[in-house]
Amino acid sequence: MQDEIIAVYEKEEEINKIKERLKNLSFGMLAKSKHFEYSLSEKGTSINLLNEKFIEFERIKIITKRKHKTSDKLTYDFYYELDDGTYILYAIALDESKCVLINAFRVDRNLKRFKKWLIKAYKNQLIG
């Protein structure tokens, strides 16, 4: 079963509202899922890079909200733009008693092009 994107936040005002929920967190404070640990080694992403960039909240350019079919839990995908135009994705369950990092990895794809595609593909889920 596929997870369902239920909202896409691309307007700065809406992104800032959700970013506020991250501002009191550090990478070390996030509980790490087993999937995150597996994905880290599978994708070869540096944990130091993930740790370093996490607090650079101004890099967040788009956020998606997902509903997971198997558990009905909600998670947020935060897309952080890097200096070279690629991005890091952090998938975080913010609504748990302790915030959980579900997954995080670097993507060697242009974020601006991906953002255009995402907005077009999920125009009915756009917020703001």
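Reply: What covers the buried residues of α1 includes β1 (4-9), β3 (60-67), β4 (74-81) and β7 (126-127). Covering here rests on contact, meaning heavy atoms within 4.5 Å. Helices (H or I, at least four residues) and strands (E, at least two) are DSSP runs, numbered from the N terminus. This is a predicted model: local features need pLDDT of at least 70, side-chain atom pairs count only at pLDDT 80 or more, and totals for chains, interfaces and linings use all residues. Residues are numbered from 1 along each chain as its sequence is written, and side-chain values use heavy atoms, with hydrogens and water left out.

Me: Which residues of helix α1 are buried?

Reply: In α1 (residues 12-19), they are E14, I15, I18 and K19.

Me: What puts them on the same side of α1?

Reply: They cover an arc of only 140 degrees around the axis, so they share one side of α1. The arc is that of the directions from the helix axis to the C-beta atoms. An α-helix has 3.6 residues a turn, so residues three or four places apart point the same way. The face of α1 turned away from its buried side carries the exposed residues E12 and E13.

Me: Why is T45 called buried?

Reply: Buried means under 20% relative accessible area, exposed over 50%, and partly exposed in between (1.4 Å probe, protein chains only). T45 has 9%, so T45 is buried. T45 sits in the loop between α2 (34-43) and α3. Leaving out residues up to four places away in sequence, T45 touches L40, L50, F105 and R106.

Me: Why does S71 count as partly exposed?

Reply: The relative accessibility of S71 is 37%, so S71 counts as partly exposed. S71 lies in the loop between β3 and β4. From C-alpha to C-alpha, S71 and D3 are 9.9 Å apart in space, and 68 residues apart in sequence.

Me: In what order do the seven strands form the open sheet?

Reply: The order is β2-β6-β5-β4-β3-β1-β7, with mixed pairing. β2 (31-32) and β7 stand at the edges because each has a single partner strand, which leaves one side of each without a neighbour in the sheet. Two strands pair if DSSP finds at least two bridges between them.

Me: How do you know that β1 and β3 pair?

Reply: They share five bridges, in the antiparallel sense, and the criterion is at least two. I5 stands opposite R66 in β3.

Me: Which strands does helix α3 touch?

Reply: Helix α3 (residues 47-54) packs on the sheet, touching β4, β5 (87-93) and β6 (100-107).

Conventions: Axes fitted to C-alpha atoms, helices over the stretch in contact; angles between N-to-C directions.
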